[in-house]
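Here is a short note for a colleague who is new to this model. Please read the points with the structure open.

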Amino acid sequence: MIVHGLRISLVVGLLMAPCIGSAQQLDNTQIMTTLGQVKAAAPAVDVALLVEEANSNVGKGVATLPNWSKLSQLSQLIVEIDFENNSTAIEPKSYRTVGLIADALHHPDLFRYKFLIVGHSSATGTAKHNLELSQKRADAINAALSTTFAVSPDRLFSVGAGEEWPIDPGQPESADNRRVQLINLGLLK
């Protein structure tokens with residue numbers, strides 16, 4: 001079975017340098033140290049508008065759209081999550097990483113925050129298929145966090161960006177472009 005690595009990008013605050021770690025090196029302390037540095041309020045983001053913009057800009061990119069550009073200003077912690085090829089099935093070895101993320105979201109310092117899960121894909125399929133797959137993968141992470149790991153579902157939102165916001169625009173088919181971001185949307189209301 002072919003497994004494609006996805007990058008989960010945890011967006012944790014403004015003006016923080018990006019950190020990169022493999023799934024094997026990531027631990028709960030590292031996640032909490034990074035996520036615990038969130039001090040400023042996140043910009044207001046309308047999730048329904050993000051979905052609408054992504055769906056109406058298939059093949060055109062989303063990074064420069066007004067609401068999407070707010071997200072691109074935030075720093076990221078990148079960890080690896082593996083999915084089965086062209087699937088939403090999270091590989092069993094990646095559940096440890098998802099569990100570490102859930103532990104961090106249960107920490108008292110982060111319990112008051114809500115998060116946006118943004119799915120991304122490489123450009124190996126059609127733009128429409130990649131948008132749908134990225135949404136389903138974001139939903140799969142959301143479901144794993146809220147069911148298996150009991151993170152309150154009212155703290156989690158999902159959106160797919162497809163191939164429209166590549167981390168490596170020079171190589172749109174690169175596996176590095178397949179990732180999921182977890183973005184801190186600020187305090188629960």
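1. Start with Ser 122, which sits in the loop between β4 and α5. Helices (H or I, at least four residues) and strands (E, at least two) are DSSP runs, numbered from the N terminus. Ser 122 is buried, with a relative accessible area of 1%. Buried means under 20% relative accessible area, exposed over 50%, partly exposed in between (1.4 Å probe, protein chains only).

2. A word on the source. This is a predicted model: local features need pLDDT of at least 70, side-chain atom pairs count only at pLDDT 80 or more, and totals for chains, interfaces and linings use all residues. Residues are numbered from 1 along each chain as its sequence is written, and side-chain values use heavy atoms, leaving out hydrogens and water.

3. What does Ser 122 touch, not counting residues up to four places away in sequence? Its contacts (heavy atoms within 4.5 Å) include Asn 130, Glu 163, Pro 172 and Arg 178.

4. Now the largest nonpolar core. It has 25 residues. Such a core is a set of buried Ala, Val, Leu, Ile, Met, Phe, Trp, Tyr and Cys residues joined through side-chain atoms within 4.5 Å. Leu 105, Ile 117, Ile 141, Leu 145 and Leu 156 have the most contacts inside it. Helix α4 gives the largest share, six residues. Apart from this core lies another, of 16 residues, with Ala 54, Leu 116, Leu 131 and Ile 183 among them.

5. Look at Leu 105 and its surroundings. Among the residues that Leu 105 touches are Phe 111, Leu 145, Arg 155 and Leu 182. The charged end of Arg 155 sits over the ring of Phe 111, 5.1 Å from its centre. Here that takes CZ of Arg (or NZ of Lys) within 6 Å of the ring centre and within 35 degrees of the ring normal.

6. Helix α2 (residues 47-56) has two sides. Val 47, Leu 50, Glu 53 and Ala 54 are buried. Seen down the axis of α2, the buried residues fall within an arc of 120°, so they line one face of the helix. The arc is that of the directions from the helix axis to the C-beta atoms. On the other side, Ala 48 and Glu 52 are exposed.

7. Finally, the N-terminal end of α2. Asp 46 caps it: a side-chain oxygen lies 3.1 Å from the backbone nitrogen of Ala 48.

Terms used: Polar contact = N/O pair within 3.5 Å; in protein donor to acceptor, adjacent residues only side chain to side chain.
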